[in-house]
Amino acid sequence: MHAPDISIGVLFFNLTHLFLLIFLSDVMRRINVLKEEAARIAENVTLSQSEKNKINAAKYSAMMAPIVVSLERRLASTSRKPETPHEVWFHEEYKDRLKSAITAFKTPPASAAALGDAWRPFDNIASSLASY
């Protein structure tokens, strides 16, 4: 009976790691599009800096919304009450880090230069998961 419990705990761990790796390329593609759009918007002399910032923030929120929904669903699927030692460990080690990373990711970066940093908390989590 103990072996299935371990496999479920490891499954949370592996699924989260795989999920983050799969989304990395999609997020990077979206970030590149946002950088191109931000450069195009920056060239528009008819817009104030405040308007440019609002447009860039709205584009970020719109482009990243599907990623945020998927991240929140992944967190919800692994957030039920832990039942095995591995699930308890995963929750203690990663639940708050994932929540914090999602919250930070929802917030549009202050500038186009900071777009590359938007996924950094998830890169750190994925690296940590890979080390186990």
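The model is predicted, so local features need pLDDT of at least 70 and side-chain atom pairs count only at pLDDT 80 or more, while totals for chains, interfaces and linings use all residues. Residues are numbered from 1 along each chain as its sequence is written, and side-chain values use heavy atoms, with hydrogens and water left out.

**Residue V27**

- You will find V27 in helix α1, residues 2-42. Helices here are DSSP runs (H or I, at least four residues), numbered from the N terminus.
- V27 counts as buried because its relative accessibility is 0%. Buried means under 20% relative accessible area, exposed over 50%, and partly exposed in between, with a 1.4 Å probe and protein chains only.
- Apart from neighbours within four places in sequence, V27 is in contact with M64, I67, F105 and W119. Contact means heavy atoms within 4.5 Å.
- V27 and A126 are 99 residues apart in sequence, and their C-alpha atoms are 14 Å apart in space.

**Helices α2 and α3**

- Two packed helices are described by the angle between their axes and the distance between the axes.
- The axes of α2 (residues 49-77) and α3 (residues 85-106) come within 9 Å and cross at roughly 165°. Axes are lines fitted to C-alpha atoms, for helices over the stretch in contact, and angles run from 0 to 180 degrees between N-to-C directions.
- That angle makes α2 roughly antiparallel to α3, a label for angles over 145 degrees.
- In this contact, Y60, M64, I67, V68, L71, E72 and L75 of α2 meet K95, L98, K99, I102, F105 and K106 of α3.
- The residues of this contact divide into nine nonpolar, no polar and four charged. Ala, Val, Leu, Ile, Met, Phe, Trp, Tyr, Cys and Pro count as nonpolar, Asp, Glu, Lys and Arg as charged, and the others, Gly among them, as polar.

**Aromatic rings**

- Rings of Phe, Tyr and Trp (its six-membered ring) pair if their centres lie within 6.5 Å; planes under 30 degrees apart count as stacked, over 60 as edge-to-face and the rest as tilted.
- By this rule the count comes to seven aromatic pairs. One of them is W89 with Y94, whose ring centres are 5.7 Å apart and whose planes are at 75°, so the pair is edge-to-face.
- W89 is partly exposed at 29% relative accessibility, whereas Y94 is buried at 0%.
- The rings of F105 and W119 are also edge-to-face, with centres 5.5 Å apart and planes at 75°.
- Ring pairs link Y60, F105, W119 and F122 into a cluster.

Note on methods:
Helix = DSSP H or I, 4+ residues; strand = E, 2+ residues; numbered from the N terminus. Parallel < 35°, antiparallel > 145°, perpendicular 65-115°, else oblique.
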